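Subject: Handover of a structure for your review

Dear colleague,

Please find the structure below for your review.

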Protein chains: 2
Amino acid sequence: MRQYLFKISTKLKDEIKDPQGQVVEKISKRLKIFNEINVKVGKFYEISFFAESLDEAKTKAGELAQNILTNPVIEEYQIIDIKEIQ
Amino acid sequence: MRQYLFKISTKLKDEIKDPQGQVVEKISKRLKIFNEINVKVGKFYEISFFAESLDEAKTKAGELAQNILTNPVIEEYQIIDIKEIQ
């Protein structure tokens, strides 16, 4: 078995309103860091686990993302990185 | 002014207990997707804004990350990607 580290992000689909993002927009305008800014807030997962091969690792990662980490009705996920570690 | 898109993730520092991550660990063991798994949960931001140059964009992004998006005592951030968009 080899150990893999994978990084995944999830966020609300574009058509869904994102109140957390709107708060960050408001604050950064108030602090005058930005005038025009658009923010989407999601979650980030850094996960390490064991698998037989990279293919198996990808399958398992997808399963985890779809079944546990996201609500597919309103959220979408993106695998940022997946690699073998020591 | 050019428009930049940047992606940033924040997570609790390694020495800080992460209860959300522990929940994901427990569930994925119960569903038998994984036996051994280690999960860290953080936040993910997808932000678009305007800046004069890539350098300025990076500076502003760092400012935003340090001052608004993270609590530097218990969290750390990582810029995943920053690029110019149309």
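How much area is buried between chain A and chain B, and what share of it do carbon and sulfur atoms give? The buried area is about 2900 Å², and carbon and sulfur atoms contribute 65% of it. On the side of chain A, the residues that lose the most area to chain B are A:Ile33, A:Phe34 and A:Phe44, which together make up 21% of what that side buries. Please bear in mind throughout that this is a predicted model.

The contact draws 33 residues from chain A and 33 residues from chain B. Of the interface residues of chain A, 100% are also interface residues in chain B, so the copies meet through the same surface.

Two residues of chain B illustrate how the chains come together. B:Thr10, in strand 1 (residues 2-12) of chain B, is buried, with a relative accessible area of 2%. Leaving out residues up to four places away in sequence, B:Thr10 touches A:Phe44 from the other chain, and its contacts within chain B include B:Tyr45, B:Leu69 and B:Tyr77.

B:Ile80 belongs to strand 3 of chain B and is partly exposed, at 27% relative accessibility. Apart from neighbours within four places in sequence, B:Ile80 is in contact with A:Phe44, A:Ile80, B:Lys7, B:Ile8, B:Ser9 and B:Phe44. One of these, B:Ile8, is 72 residues away along the chain, yet the C-alpha atoms of B:Ile80 and B:Ile8 are separated by 5.3 Å.

Salt bridges

Over all chains, the structure holds 10 salt bridges, and the count between chain A and chain B is 2. An example between the chains joins B:Glu46 to A:Lys11, with the closest N and O atoms 3.7 Å apart. A:Lys11 also forms a salt bridge with A:Asp14, where the corresponding distance is 3.4 Å. A network of salt bridges links A:Lys11, A:Asp14, A:Glu76 and B:Glu46.

Two further pairs lie within chain B. B:Arg2 forms a salt bridge with B:Glu84, the closest N and O atoms being 3.9 Å apart. B:Arg2 is in strand 1 and B:Glu84 in strand 3 (residues 75-85), so the pair ties together parts that are 82 residues apart in sequence. Both residues are partly exposed, with relative accessible areas of 45% for B:Arg2 and 44% for B:Glu84.

The other pair is B:Lys60 and B:Glu56, whose side chains meet in a salt bridge at 3.5 Å, N to O. These two residues lie in helix 2 (residues 54-69) of chain B and are 4 residues apart, about one turn of the helix. An α-helix has 3.6 residues a turn, so residues three or four places apart point the same way. B:Lys60 is buried, at 17% relative accessible area, while B:Glu56 is partly exposed, at 27%.

Buried helix and surface patch

Which residues are buried in helix 2 (residues 54-69) of chain A? They are A:Ala57, A:Lys60, A:Ala61, A:Gly62, A:Leu64, A:Ala65, A:Ile68 and A:Leu69. Their cover includes strand 1 (2-12), strand 2 (37-51) and strand 3 (75-85) of chain A, together with helix 1 and strand 2 (37-51) of chain B.

On the surface, B:Val23, B:Ile27 and B:Leu31 form a nonpolar patch with about 240 Å² of accessible area together. B:Val23 sits in helix 1 (residues 19-30) of chain B and is partly exposed, with a relative accessible area of 47%.

With kind regards

Notes
Residues are numbered from 1 along each chain as its sequence is written. Chains are lettered from A and ligands numbered from 1 in the order in which they are written. This is a predicted model: local features need pLDDT of at least 70, side-chain atom pairs count only at pLDDT 80 or more; totals for chains, interfaces and linings use all residues. Side-chain values use heavy atoms; hydrogens and water are left out. Contact means heavy atoms within 4.5 Å. Patches are made of residues with over 30% relative accessible area and no salt bridge: like charges are joined within 9 Å, nonpolar side chains (Val, Leu, Ile, Met, Phe, Trp, Tyr) within 5 Å. Accessible areas come from the Shrake-Rupley method with a 1.4 Å probe; for residues, only the protein chains shown count as cover. A salt bridge is a side-chain nitrogen of Lys or Arg within 4 Å of a carboxyl oxygen of Asp or Glu. Buried means under 20% relative accessible area, exposed over 50%, partly exposed in between (1.4 Å probe, protein chains only). Buried area is the accessible area (1.4 Å probe) that two parts lose on being put together, summed over both.
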